Amino acid sequence: MTVTDGGDLTSSARITINVVDANYAPTCADAAFSIDENSAVNAKVSPDTAMSATDQDTGDTLRWTLVNDNIDGAFQISSTTGKITVAKAILDHEARPEFNITVQVQDSGAGRLTGTCFAAISISDVNEAPTLPTLGSMEIREDAMSGFNLGAVLGSDVDDSDVLTYSITAGDSSSAFNIDSSSGNVTRNN
Ligand SMILES: [Ca+2]
Ligand SMILES: [Ca+2]
Ligand SMILES: [Ca+2]
């Protein structure tokens, strides 16, 4: 560095400037995914893409973690790739149709700086089989009249909007009984 006055006198000095390599925090982008309920452990969310992050420091290695609202530990994230998969086979659309998980990305620079973003994961409905109670027995007198009402068989279905239809499939070869397809009510036929 040189300084010059109005005349021809100059003075020089050497100045050393130390450039401190400042660490910039990484940032990550919110993302939305979906996955079927009842998916198995290690099943991938859809689309099959990783969380994405940027860090101005080109040499930084980024590590991913799920830090909040990963309810019951249902999901896991690869610390190196940022890909989210199922950790426990407990996904149930009827019980919890959506997760909104806070994701953290941490760099390898000074202070191990972090950025956070959200992964919204919607749990898609899958049709699940209806169930019938384990039936005991119904009693009817042998001289009961046609139309005699034995009562209803009530099934259940976990899916919100499913309509159940009843039918007798075996054990009544002489068609002695009738079941109402919508109510499940069993009556004597003949
Ligand atoms: Ca950084
Ligand atoms: Ca379910
Ligand atoms: Ca379902």
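How many C-beta neighbours does alanine 152 have inside 10 Å, and is alanine 152 buried, partly exposed or exposed?

## Alanine 152 and its surroundings

In this predicted model, alanine 152 counts as partly exposed because 13 C-beta neighbours lie inside 10 Å, whereas a buried residue would need 20 or more. Alanine 152 belongs to strand 11, which covers residues 149–152.

When neighbours within four places in sequence are left aside, the contacts of alanine 152 are Ser183, Gly184 and Asn185. Asparagine 185 is 33 residues away from alanine 152 in sequence, yet their C-alpha atoms are 3.9 Å apart in space.

Four strands form an open sheet with mixed pairing, and their order is 4-10-9-6. Strand 4 (31–36) and strand 6 are the edge strands, each of them pairing on one side only, and the twist from one strand to the next averages 35°.

Within this sheet, strand 9 and strand 10 run antiparallel and are joined by nine bridges. Valine 103 has cysteine 117 of strand 10 standing opposite.

## The largest nonpolar core

The largest nonpolar core contains 20 residues, and Ile35, Trp64, Phe75, Ile101, Val103, Ala119 and Ile121 are those with the most contacts inside this core. At least two core residues come from each of strand 6 (63–68), strand 7 (75–77), strand 8 (84–86), strand 9 (98–106) and strand 10 (114–124), with strand 9 supplying the largest share, four residues.

Beyond residues up to four places away in sequence, valine 103 touches Cys28, Met51, Trp64, Leu66, Ile77, Thr116, Cys117, Phe118 and Ala119.

Note on methods. Residues are numbered from 1 along each chain as its sequence is written. Chains are lettered from A and ligands numbered from 1 in the order in which they are written. This is a predicted model: local features need pLDDT of at least 70, side-chain atom pairs count only at pLDDT 80 or more; totals for chains, interfaces and linings use all residues. A residue is buried if 20 or more other C-beta atoms lie within 10 Å of its own, exposed if 12 or fewer, and partly exposed in between; C-beta atoms are placed from the backbone. Two residues are in contact if their C-beta atoms, placed from the backbone, lie within 7 Å. A nonpolar core is a set of buried Ala, Val, Leu, Ile, Met, Phe, Trp, Tyr and Cys residues joined through C-beta atoms within 7 Å. Two strands pair if DSSP finds at least two bridges between them. Axes are lines fitted to C-alpha atoms, for helices over the stretch in contact, and angles run from 0 to 180 degrees between N-to-C directions.
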